Amino acid sequence: MNKKTLVIGASTKPQRYSNMAMRKLTNYNHETVAFGLREGVEYGVTIDTELKPYKDIDTVTLYLNPTRQVQYYDYIVSLKPKRVIFNPGTENPEFYTILKENDIKFEVACTLVLLSTNQY
């Protein structure tokens, strides 16, 4: 099942986990959109540097540390995703509370592992 995914903290650097996630998401045929500090295109995915009002986002997968996430709380909630994945190093209890208050599910997990084990 295609789960439209927004990668926040996307990078064009192949050694970055966000880049690996974009590659794996596209390999598994999940529609992928991305936001990062530097624009670029990876695996057919354009990395936007401006926040866009994406529609029908199933999953937001985070690659930003908790301090950097704060400025995106309202934006992520406004997208009304079905879930947010907190990849290793992005764990954020403050944001978990905000997501719960807005009926958005979240997982503390690794997108790469979820995809590899058919749990995505």
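Biologist: Which residue lies over the face of tyrosine 120, and at what distance from the ring centre?

Modeller: Arginine 83 does, at 4.5 Å from the ring centre; a charge is said to sit over a ring if NZ of Lys or CZ of Arg is within 6 Å of the ring centre and within 35 degrees of the ring normal. Please keep in mind that this is a predicted model, in which local features need pLDDT of at least 70 and side-chain atom pairs count only at pLDDT 80 or more, while totals for chains, interfaces and linings use all residues. Residues are numbered from 1 along each chain as its sequence is written, and side-chain values use heavy atoms, with hydrogens and water left out.

Biologist: OK, on to helix α4: which of its residues are buried?

Modeller: In α4, which covers residues 93–101, the buried ones are Phe95, Tyr96 and Leu99, where buried means under 20% relative accessible area, exposed over 50% and partly exposed in between, with a 1.4 Å probe and protein chains only. Helices (H or I, at least four residues) and strands (E, at least two) are DSSP runs, numbered from the N terminus.

Biologist: Why do they line one face of the helix?

Modeller: Seen down the axis of α4, the buried residues fall within an arc of 110°, so they line one face; the arc is that of the directions from the helix axis to the C-beta atoms. The face turned away from that buried side carries the exposed residues Pro93, Lys100 and Glu101.

Biologist: And what do the buried ones pack against?

Modeller: They pack against β5 (59–62), α2 (66–69), α3 (73–79), β6 (83–86) and β7 (105–108), contact meaning heavy atoms within 4.5 Å.

Biologist: Switching to rings, how many aromatic pairs are there in the whole structure?

Modeller: A search finds six; rings of Phe, Tyr and Trp (its six-membered ring) pair if their centres lie within 6.5 Å, and planes under 30 degrees apart count as stacked, over 60 as edge-to-face and the rest as tilted. In one of them, phenylalanine 86 and phenylalanine 95 have ring centres 5.8 Å apart and planes at 85°, so the pair is edge-to-face.

Biologist: What about phenylalanine 86 and tyrosine 96?

Modeller: Their ring centres are 4.9 Å apart and their planes are at 80°, so this pair is edge-to-face. The pair links distant parts of the chain, with phenylalanine 86 in strand β6 and tyrosine 96 in helix α4, ten residues apart.

Biologist: Which residues do the ring pairs link into a cluster?

Modeller: The cluster consists of Tyr73, Phe86, Phe95, Tyr96 and Phe106.
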